[in-house]
Amino acid sequence: MNHLVVLPVLIPLLGASLSLFIEHRRYGPKVQRSVAWLSMAALAVVVALLFAQTSQGRISAYLLGDWPARLGIALVADGLAGWMLLTTLLLAIACLLYACTGWDRRAPHFHALFQFQLMGLNGAFLTGDIFNLFVFFEVLLIASYGLLLSGGRGLRMRIGLHYVVFNVTASTLFLIALGMLYAVLGSLNMAEISQRIVELPPSHLKLAKAALGLLLVVFCSKAALLPLYLWLPEAYARAPAAVAALFVIMTKVGLYAVLRVSSLWFDADAGAMSGYGSDWLLWAGIATLLVAALGALAATRLSVLVAYLVVVSAATLFIAFALGNAGTISAGLYYLPHSTFTAAALFLVADLIRRRRRRGGQHHDGEQTVLPGKTGTSLLFLVAAVAIAGLPPLAGFLAKAALLSAVPDAHTGVVWAAVLGSSLLVIIGLTRTGIRLFWHVPGDDDAVPEPESSEAPPRPFETAAASLLLAYVVAMAIFAAPLMRQTDAIAAQLLAPAQYLDDVRGTTPQVRQP
């Protein structure tokens, strides 16, 4: 049995446990950061090995507990899981680098919560059991509650509590849907459910559709699909920069779950359940894309604008995955890490601007403010804006071009109009924000600037973290051809799930004598 599959879950778990032990012993921040980076280094090695295996088309199933019942709780590493693990790792490295410049000292248990969040994310991408997906959802959500609320007060606390209540409600619906699903199908193993859906008698069909529909609603709420996105903009905008940047991947967990269950349970061989929910997801994705683009256009704070751009990227991915052909899925998978890295970089840039503003009367991301040493920050903003808007020559343009070229004829007009129209609104919003941030000249009626001593001291590693994320984006454009070949292979594997099902159902436990 390949024990490598379980290590992306175990390493963050051990790292979080050690971080809590060190906090209890009251070691200094250098020791805590050393533990965090050692854990990250070990995780990087494991993820690199797993990605190398899965990129060759290999699928590894791991039976937790090695129970005689072969359909027990399982972890499965395939191409999609490897792609998501690598994206999470690269994002986490930059977020940890930014947090270690000093913010982690102000957040109790930051490093433990950070590791627990990585554990939940990695587990969600690897699990082959829908109940364990719920468990890992809860692990990453509980960690996110602590990260969001740590050191907060006032408005941030109130918005954070709204975030907690919304997600607890969604998790309750998730648990209800799982109960209904088990009552109808008698299993929560994803591969086994795929087989049992095909054999479902007509008398059970309506209840199965209700359970699966409720499950899709839960996933869409996690991914901020209209009208379930209202919790996201203010929650992400008020979060600390490193936390908001890490949260960008959380919407992708919901999208991953939709793509995973759709490819396994609603494929062409699923009988009455074939294509279930795809039309609804497509039109909801288009509506979300337009509303989120309008939100980005109307935003008066950079952090809120970036939060709406997170919703824009999620809506674009919903469209790509709902269309359901190999070309759109491949384009969506290429767009997913690009949009994740770019939005995360913009959250960090927004924090850099906020910390460098000179006037004490401004409270909204430093807009309409003269920035000291703004050349480097403005270049970071420019690269991120070009990337997130989908302009050439960066990966956003390549991904959207690939998506639009693969749209079926029946949906060409509406999808092209939605994607191009939303991109225009995003360009206008980013241009206006850039002018206010970097070209505004204070008038006679502006407030008197504070003394130079009020400026936040420069921290090179903060700029380095944002630059690292944008370096990922540039690298994705440079190596677009091999990366797109990889996403083509992942899309083909998803649309032909027989190998996944055979490997999971064919994995037998190593029964040992007591």
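This is a short exchange about a predicted model and the reasons behind some of its labels.

Colleague: How do you know how confident the predictor is in this chain?

Modeller: The mean pLDDT is 85, and 88% of the residues reach 70 or more. Among the elements, helix H3 (residues 79–99) has the highest mean, 94. Helix H19 (residues 498–506) has the lowest, 79.

Colleague: Which stretch has pLDDT below 50, and how many contacts does the stretch have beyond near neighbours in sequence?

Modeller: Residues 358–370 are below 50, with 47 such contacts in the model. Residues 441–455 also stay under 50. For that stretch the model has 14 contacts beyond four places in sequence. Where pLDDT is low, the predicted coordinates should not be read in detail.

Colleague: Why is the pair of Tyr236 and Phe247 called tilted?

Modeller: Take distance, then angle. The ring centres are 5.7 Å apart, and the cut-off for a pair is within 6.5 Å. So the two rings pair. The planes are 55° apart. Under 30 degrees would be stacked, and over 60 edge-to-face.

Colleague: Are Tyr236 and Phe247 buried or exposed?

Modeller: Tyr236 has 1% relative accessibility. Phe247 has 1% as well. Buried means under 20%, so both residues count as buried.

Colleague: Which residues do ring pairs link into a cluster with Tyr236 and Phe247?

Modeller: Tyr145, Tyr163, Phe166, Trp231 and Phe347 belong to that cluster too. The whole structure has 18 aromatic pairs.

Colleague: What covers the buried residues of H8?

Modeller: The cover includes helix H5 (130–149), helix H6 (155–185), helix H7 (190–198), H10, helix H11 (278–298) and helix H12 (302–323). Among the buried residues of H8 are Leu212, Leu215, Leu216, Phe219 and Lys222.

Colleague: How many residues does H6 have, and what does the helix reach from first C-alpha to last?

Modeller: H6 has 31 residues and reaches 45 Å, close to the 45 Å expected. Gly186 follows H6, and its phi is positive, near 75°.

Colleague: Why is Ser313 called buried?

Modeller: Its relative accessibility is 1%, and the cut-off is under 20%. So Ser313 is buried. The residue lies in helix H12. A polar atom of its side chain is 2.7 Å from the backbone oxygen of Val310. Leaving out residues up to four places away in sequence, Ser313 touches Lys252, Tyr335 and Ser339.

Colleague: What makes Glu192 count as buried?

Modeller: Glu192, in helix H7, has a relative accessible area of 8%. That is under 20%, so Glu192 is buried.

Colleague: How do you know that the side chains of Glu192 and Arg196 make a polar contact?

Modeller: The distance is 2.9 Å, and the cut-off is within 3.5 Å. So the contact counts. Glu192 and Val504 are 312 residues apart along the chain, yet their C-alpha atoms are separated by 8.8 Å.

How values were computed. Residues numbered from 1 in each chain as written. Predicted model: local features only at pLDDT ≥ 70, side-chain atom pairs only at ≥ 80, totals over all residues. Heavy atoms only, no water. Phe/Tyr/Trp six-rings, centres within 6.5 Å; stacked < 30°, edge-to-face > 60°. Buried < 20%, exposed > 50% of the residue type's maximum accessible area, 1.4 Å probe, protein only. pLDDT = per-residue confidence, 0-100. Helix = DSSP H or I, 4+ residues; strand = E, 2+ residues; numbered from the N terminus. Contact = heavy atoms within 4.5 Å. Polar contact = N/O pair within 3.5 Å; in protein donor to acceptor, adjacent residues only side chain to side chain. Expected span 1.5 Å × (residues − 1).
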